[in-house]
Amino acid sequence: MTDPNWNGAEVIQFNYGLSRSNLWPNQSGRISFFWKGVLSCLPALRSCLSHKISTGKETFFWRDCWINGVAPMHLWPVEYSECRHTNSTIYELRHLLEEQPFIDNEFVRMCSIGVQTADSHSRDIKSWRLTGNGIFSVKSFYNLLIDGGLRCPISRFFWRNWCPRKINLFNWLVWQNRILSLENLARRRCNRLPTATCVMCNGGIETVDHLFIHCSYANLVWDYFIRILRLPQLPLSIQDLWGRWRYGLHSERRAFGDLVAKAIIWNLWIARNDCIFNANILHAQCLIVKIDRMLVSWYSSLTDGPKLKLEEDFNTVRRSLEFLGPRVKAFEETRSSEETLDPSTG
Ligand SMILES: [Zn+2]
């Protein structure tokens, strides 16, 4: 908007009546979808601008961040709420620079002298804080907008394509506590079961932390994999799983640990649904074999690089499958024959 060679500024001025330096447009009335999107980004954009004051004619006194990167409206909120000229420039409110409480601020004192002595043709300089040269770049602003200025602590490693996307997505939703656990359903008042108690152990409310970590059924599964794969002790919560627990692993084994955790969580959810919808309680050892099989199938679809890295750990999973697989099969066969013989189930 401040670039005199940019024709777009003329279009915006014509359509929306803004002056070149005004990033505080009037939002009342009907505005287009496009302009609505632009306006929603303005608070973030303004916070990334720093101002070097000359005459103060192009900088808003209250709203621009000209005092060491902070806007006066945040430093003196009481005075701001009482001021009737909140859209005025520093030049228009220059008398305030000489008054209490503003004069007590050293930055304001220096600015006051500058405004009085500045050449009337010189301009306030705005610079962009997210780039080294102070020039605005779309890329720097886009990067700020997509992660809200705060990088997600787990996204860097979480979305690796070493397991199916639906399993990554499900684990992400668990981490965000966005799945339809009985606790979440009860909170939304749409739980069709009489209580929110965990159906796997009947020992606590079915929260994500309970179902996937603290539940005695989940404990059996976790304990087995922690023991045979030499993983860190049981995580305290889902948040702990993707933070402290994961970093408790040697850096070269973290990718493997991620896959094991994702497979456990996914299969616990399938087993829980099977219990609720089909009244079928899967024996913990059967679930362990399912997880082993899933991990082995993921390993076989990896490219050579990761395969070589994870070979040793997956050999352990294979040995577990070779040991438990036949036992679980025999157990399932015995159970199905017992069910056939039992007249109460027939
Ligand atoms: Zn439970």
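Helix H13 has 25 residues and spans 35 Å from its first C-alpha to its last. That is close to the 36 Å expected at 1.5 Å a residue, where the expected span is 1.5 Å times one less than the number of residues. Helices (H or I, at least four residues) and strands (E, at least two) are DSSP runs, numbered from the N terminus. The model is predicted: local features need pLDDT of at least 70, side-chain atom pairs count only at pLDDT 80 or more, and totals for chains, interfaces and linings use all residues. Residues are numbered from 1 along each chain as its sequence is written.

The protein chain has 15 helices and two strands. Of its 346 residues, 23% count as buried. A residue is buried if 20 or more other C-beta atoms lie within 10 Å of its own, exposed if 12 or fewer, and partly exposed in between, with C-beta atoms placed from the backbone. Two residues are in contact if their C-beta atoms, placed from the backbone, lie within 7 Å. Among contacts between residues at least 6 apart in sequence, 57% join residues at least 24 apart.

The largest nonpolar core has 39 residues. A nonpolar core is a set of buried Ala, Val, Leu, Ile, Met, Phe, Trp, Tyr and Cys residues joined through C-beta atoms within 7 Å. Phe 212, Ala 218, Val 260, Ile 264 and Leu 295 have the most contacts inside the largest core. At least two of its residues come from each of H10 (208-214), H11 (216-229), H12 (238-247), H13 (254-278), H14 (284-300) and H15 (304-341). H13 supplies the largest share, 10 residues. Val 260 is in contact with Phe 225, Leu 229, Leu 231 and Leu 295, leaving aside neighbours within four places in sequence. A second, separate core has 12 residues, including Phe 60, Leu 96, Leu 97 and Cys 111.

Two packed helices are described by the angle between their axes and the distance between the axes. Axes are lines fitted to C-alpha atoms, for helices over the stretch in contact, and angles run from 0 to 180 degrees between N-to-C directions. Angles under 35 degrees count as roughly parallel, over 145 as roughly antiparallel, 65 to 115 as roughly perpendicular and the rest as oblique. A crossing is left-handed if the near helix is turned anticlockwise from the far one by less than a right angle, and right-handed if clockwise.

H11 and H13 pack at about 160°, with their axes 11 Å apart. The two helices are therefore roughly antiparallel. H11 passes H13 in a right-handed crossing. On the H11 side, Ala 218, Val 221, Trp 222, Phe 225 and Leu 229 take part; they meet Val 260, Ile 264 and Leu 268 in H13.

H11 also packs against H14. The axes of H11 and H14 come within 10 Å and cross at roughly 50°. These helices are therefore oblique to each other. Their crossing is right-handed. Tyr 217, Leu 220, Val 221 and Tyr 224 in H11 meet Ala 284, Leu 287 and Ile 288 in H14. H14 itself has 17 residues and reaches 25 Å between its first and last C-alpha, close to the expected 24 Å. Its buried residues include Leu 287, Ile 288, Asp 292 and Leu 295.

Most residues other than glycine have a negative phi, and most peptide bonds are trans. Ala 279 follows H13 and lies in the loop between H13 and H14. Its phi is positive, near 55°. Ala 279 is exposed, with 8 other C-beta atoms within 10 Å. Asn 177 also has a phi near 55°. Asn 177 sits in the loop between H8 (165-175) and H9 (182-187). With 14 other C-beta atoms within 10 Å, Asn 177 is partly exposed. The peptide bond from Gln 100 to Pro 101 is cis, with omega near -5°. Pro 101 belongs to the loop between H4 (77-82) and H5 (106-117).

Gly 134 lies in the loop between strand S2 (125-128) and H6 (138-146). Gly 134 is partly exposed, with 14 C-beta neighbours inside 10 Å. Not counting residues up to four places away in sequence, Gly 134 touches Ser 127 and Trp 128. Gly 134 and Leu 49 are 85 residues apart in sequence, yet their C-alpha atoms are 8.9 Å apart.
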